[in-house]
Amino acid sequence: MSGEVIKKLPLSSDRRVVEEQAAAFVIARRDREDWTREEEVELEAWLAQSLFHRAAYLRFNAAWSSADRVRALRSSSLKAPDISRIRNIVMRTAIGFLLLAGSGFAAKYFWPVPTSTYETRVGAHKVLHLADGSEVELNTDTVLRVAMSGNSRRIWLDRGEAYFRVAHDPTRAFVVDMGSRSVTALGTAFAVRRDTQDIQVSLFEGRVRFNAKDEAARMPIDLVPGDTVTATDSAVTLSRKSKHDLDTSVSWRRGVLVFNHTPLSEAARELNRYNTEKIVIGDAATARTTIGGTFEATNAAGFARVAHAVLGLRVEYLSGETVISQ
Amino acid sequence: MGDRPEIGQEQMVRDRAEAGTPPLEADAWFVREILPLETSLMQYLARNWENKSELPDLRQEIYGRVCEAAQLEIPKSAKSFLFATARNLLIDLVRHSRIVQIEAMADLETLNVASDQPGPEREVSAREELRAVHAAIQRLPPRCQESVVLRKIEGLSLREIGLRMNISEKTVERHLTDGLRALADVLFGEDKPRAIP
């Protein structure tokens, strides 16, 4: 405020100075190997000085983490030249080894652990209480195997969808295996869905690590709450969902499906997961019509009634199928 | 003894904060709920503020105010709270300026935050994010770019980067700091990459 020639906005702090300091702190603290206790105290003091400091620090810290997370999907175009060829090979071999170890190689072949299998029928919903205090909710048409031992907690999701609330136990990682992909958790809540090829992992609380043993994503991806990883056989993508969308994605836990401007084709596909009497969409225009609302997952007939009453569509019941068309 | 020192604003914030939200929770809320709205916030500010070079200053002020509020109590709706804070700041600034810009004032008073709220939060796929970061890295000055690639993509330590580039560790840190500032704008603030100011 003192005698500046350039007219400045009457704001609480000088942005350039604050940003400069905040970014420098983030780099020093996270990337320097000799970050000292004194410096930590200095940072704490700086953060406590002003909430503008704090906000800027949080922003840069989050940005630096995001830059880490995209490394998980590094593309060949971003590789630095030379040097790291050998390093990469060494790393890959090391990672391969870790994955082998992580995939339960040792557990499976040297210390056999009894495995229990749990299944749900189409339309069913079941809650398992595991020995370690964790809870697993199985959605419709799901097959899952559990093996608990003194030093590991392993789940194989062979098919379907489940919501996990993991009891905290830092000495035993909780690993959910889905073929060539897996998720490792300590104490946390997350949902996993496995369709034929596609896998979706959504994190609600805590932290989990997504591992892939294939080319699509060699590096593990660490999820923070709100993140969803979607893996097809050729690509792995990471997206963020709002709290609301995240909750909606596991509305099956309450026995309902929530649609919001959802094309009928997609809504039918979802409902069909829960019902033996399948809904078939008769024509392309109907498939594109969108629908919104909350529907009982196992009540396909109710859904068809709404399509008829609200959208004015034709509903026909043919041998085991409900056909909706214009 | 002398006079009791006046309790400064920061002190008050701390005192109240002790009764309010645990700081880590407020921090996590800020990162989770507020930062993803930055693109919308910057668009909103750009629509309502003449001098574009001041937009980052406004953003900083708004973030500070939002953080302050969150220390007391986490606002129920991050989005409406953020935009209400932005609107209030703009009104304050217009009132404060010596030349009262009647027009700007009128606009702001009638501005309806609810109807001006952005649509659903953007969902950035990792690929889009990668592309944005990639583009941002490519726009960095060459030495700065090299440092960021070696650190973030190749995972070398500062010392290794210094040796490789034949510069001091301090200089590496400097490059990374510049790189981080540019990346933050791309990741949170904008859809299009731009050069560092």
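Helices here are DSSP runs of H or I with at least four residues, and strands are runs of E with at least two, numbered from the N terminus. On that basis, the elements of chain B read α-α-α-α-α-α-α-α-α-α-α from the N terminus on. The model is predicted.

**Chain B: overall make-up**

- Chain B has eleven helices and zero strands.
- The chain holds 197 residues, and 32% of them count as buried.
- Take the contacts in chain B between residues at least 6 apart in sequence: 64% of these join residues at least 24 apart.

**Chain A: Asp141**

- A:Asp141 sits in a loop of chain A, between β3 (135–138) and β4 (143–148).
- Its phi is near 50°, which is a positive value in a residue other than glycine.
- A:Asp141 counts as partly exposed because it has 18 C-beta neighbours inside 10 Å, while a buried residue needs 20 or more.

**Chain A: His261**

- A:His261 belongs to strand β14 of chain A, which spans residues 256–263.
- Phi of A:His261 is near 50°, again a positive value in a residue other than glycine.
- A:His261 has 7 other C-beta atoms within 10 Å, so this residue is exposed; the cut-off for exposed is 12 or fewer.

**The two residues by setting**

- A:Asp141 lies in a loop, whereas A:His261 lies in a strand.
- A:Asp141 is partly exposed, whereas A:His261 is exposed.

How values were computed. Residues are numbered from 1 along each chain as its sequence is written. Chains are lettered from A and ligands numbered from 1 in the order in which they are written. This is a predicted model: local features need pLDDT of at least 70, side-chain atom pairs count only at pLDDT 80 or more; totals for chains, interfaces and linings use all residues. Two residues are in contact if their C-beta atoms, placed from the backbone, lie within 7 Å.
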